[in-house]
Amino acid sequence: MTTSTQENREEKTKESDALDVYPSLLRTLLANRGIATREEAEHFLHPDYGKHLHDPFLMKDMGRAVDRILVAMKNKEMIAIYSDFDCDGIPGGVVLHDFFKKVEYKKFTNYIPHRHEEGYGLNACAIDKLNEQGVSLIITVDVGITDVDAVAHANELGIEVIITDHHLPGDELPEAYAIVNAKQADDTYPFDGLCGAGVAWKLVTALIQKGDKQFGGEYFAISEGWEKWLLDVVGIATVADMVPLTGENRVLAHYGLMVLRKSPRPGLMKLFRKMWMKQHEITEDDIGFMIAPRINAASRMDRPDEAFHLLATRDEAEGGMYAEHLHKINNERKGVVAAMVREIRKEIAERDSLGEVIVMGNPKWKPSLLGLAANSLVDEHGKTVCLWGEEGGGVLKGSCRSNGEVSVVSLMKAATHSLIAFGGHHFSGGFSVTRECVHELEAVLNTAYEQVETLEKEGSIQVDATLTPADVSWSTYRLINQLAPFGEGNPKPIFLFENVLIESVRRFGKTMNHLEVCLADNGRVIPAIAFFRTEESFEVDIAPGKNVNVVAHIERSTFGRSPELRLRIVDIR
């Protein structure tokens, strides 16, 4: 090969890899997400169901799990689907439920532990109940990877366990028949970021491949592509569980939203109507702020199986009943959290001073709601907050939320001698504490705060690009929306609008706790809103006639009769 020929080929390769075929703003947004080549951009912008999903049998133990389930079906064994009680485990349990219903296998049951009576994970009492029902095989969804003792108990009873999970394994793995979890150290599956429902869906796709008669199996017949109809609930879980919306998750979220917008599930359709949502326009924000809280409300306030039935039922009347109930208890949940926050605010106001860690508790408080209350207090006071309440059985449990300056896990590690158990991430965690130690917890955590290493704080908000008010247009919105769905690992683009003029300011909402700032643009007015914030939330003077720098997202609002563009304020400087 001559040098000139080689150079020409290299030049053509560079041209094919370049992002210059895309508009300037889109190139910038792609580059900010680490996308450097045309191939990467096409993969990201156009998720492909056929090309961008991996073979489920690449996951460790998938073949073993599938073979065991097919044998159980052939032998008509009783199978239990044991799923977590949140908006990942419940949809995952529905995925397996719908599969068994589709293939007309009747000897199965769904089990979801009661959050307040049984706690998280696989437990011995539940296994005993399932044993009494003649269960010989348990398939977990979104739980089980650390439940060594519970799996050992099942084995003693002659019940085999297949674990499907996505949480990090502990030092010791349970002695399960099969463990399907890409986070195992020796698993070579190409993507380890699936949520629990995503793993359950991969199990179902593997079962279809191996057992479907039209593909050479011998167990059942399923119409080609049927598994796509399960992606409505998988999409809900993928967005709600805040796993990275990259790789396979981007494909599942993308197609999940497509299916959700035309989902025939009567419970969901009734719920959408209760929330005045247009089903064909549902976005990832609707999942995060409207749908998931109502599914999670079931376990926080009542029985988790009611959220399961909402998703699983095919009966119109039943779907309406569960939609009404979940909508009602979610409103009750809001009221309980608001009352809790008011009670804490009153106690804070009576104190002479606050430490760096606010610690408060009350045996009457539900531990399942403490994280929601703590989030509000972190926003208000800029301090790390730890709250505790009483679980069923007299156990004191709490939630911690960080102000971003210190890891709550590091805090709790430094206070190990006062805690029974703890866990979590840098910014959120949970703990159990004895009655003897709970009263010293505030002093212990504040002492620990001074000792643990602080997290590296972000010096400034990461802005994707600087725009002008004239750029707030439908063409810009459509370009930005090519990157949707947004979420963990693919945040909504943030833009800086410099030196813009405030036309008007008003508060809105039942308690006037939201802010609308209208910006002037050559005779046009652009609304910019900030929920749960007021003029005092910002360090600059927010008043008509003032020029400010606004940091915001561009979003589509469907609140009025016709859609409009507006800004969602991140900061005003």
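Student: Which strands does helix 18 lie across?
Tutor: This is a predicted model. In it, helix 18, residues 441–451, lies across strand 6, strand 7, strand 9 and strand 10. The helix runs at about 160° to strand 6.

Student: And what does helix 15 lie across?
Tutor: Helix 15, residues 367–381, lies across strand 6, strand 7 (384–390) and strand 8 (396–401). Its angle to strand 7 is about 155°.

Student: In what order do the strands of the sheet come?
Tutor: The order is 6-7-8-10-9, in an open sheet of 5 strands with mixed pairing. Strand 6 (357–361) and strand 9 (419–424) are the edge strands, each pairing on one side only. On average, neighbouring strands are turned by 15° against each other, direction ignored.

Student: How many bridges join strand 9 to strand 10?
Tutor: There are 5, and the two strands run antiparallel. As one example, Gly423 has Gly430 in strand 10 as its bridge partner.

Student: Changing topic: which residues touch the most other members of the largest nonpolar core?
Tutor: Met73, Phe99 and Phe100 do, in a core of 96 residues. Helix 14 (residues 316–350) provides the largest share of this core, with 9 residues.

Student: What is Phe100 in contact with, leaving aside neighbours within four places in sequence?
Tutor: Its contacts are Ile69, Met73, Ile79, Ile81, Tyr105, Phe108 and Ile139. Another core, of 39 residues, lies apart from the largest one and includes Leu26, Ile480, Leu519 and Ile569.

Technical notes. Residues numbered from 1 in each chain as written. Predicted model: local features only at pLDDT ≥ 70, side-chain atom pairs only at ≥ 80, totals over all residues. Heavy atoms only, no water. Core = buried A, V, L, I, M, F, W, Y, C linked by side-chain atoms within 4.5 Å. Buried < 20%, exposed > 50% of the residue type's maximum accessible area, 1.4 Å probe, protein only. Helix = DSSP H or I, 4+ residues; strand = E, 2+ residues; numbered from the N terminus. Contact = heavy atoms within 4.5 Å. Pairing = 2+ DSSP bridges. Axes fitted to C-alpha atoms, helices over the stretch in contact; angles between N-to-C directions.
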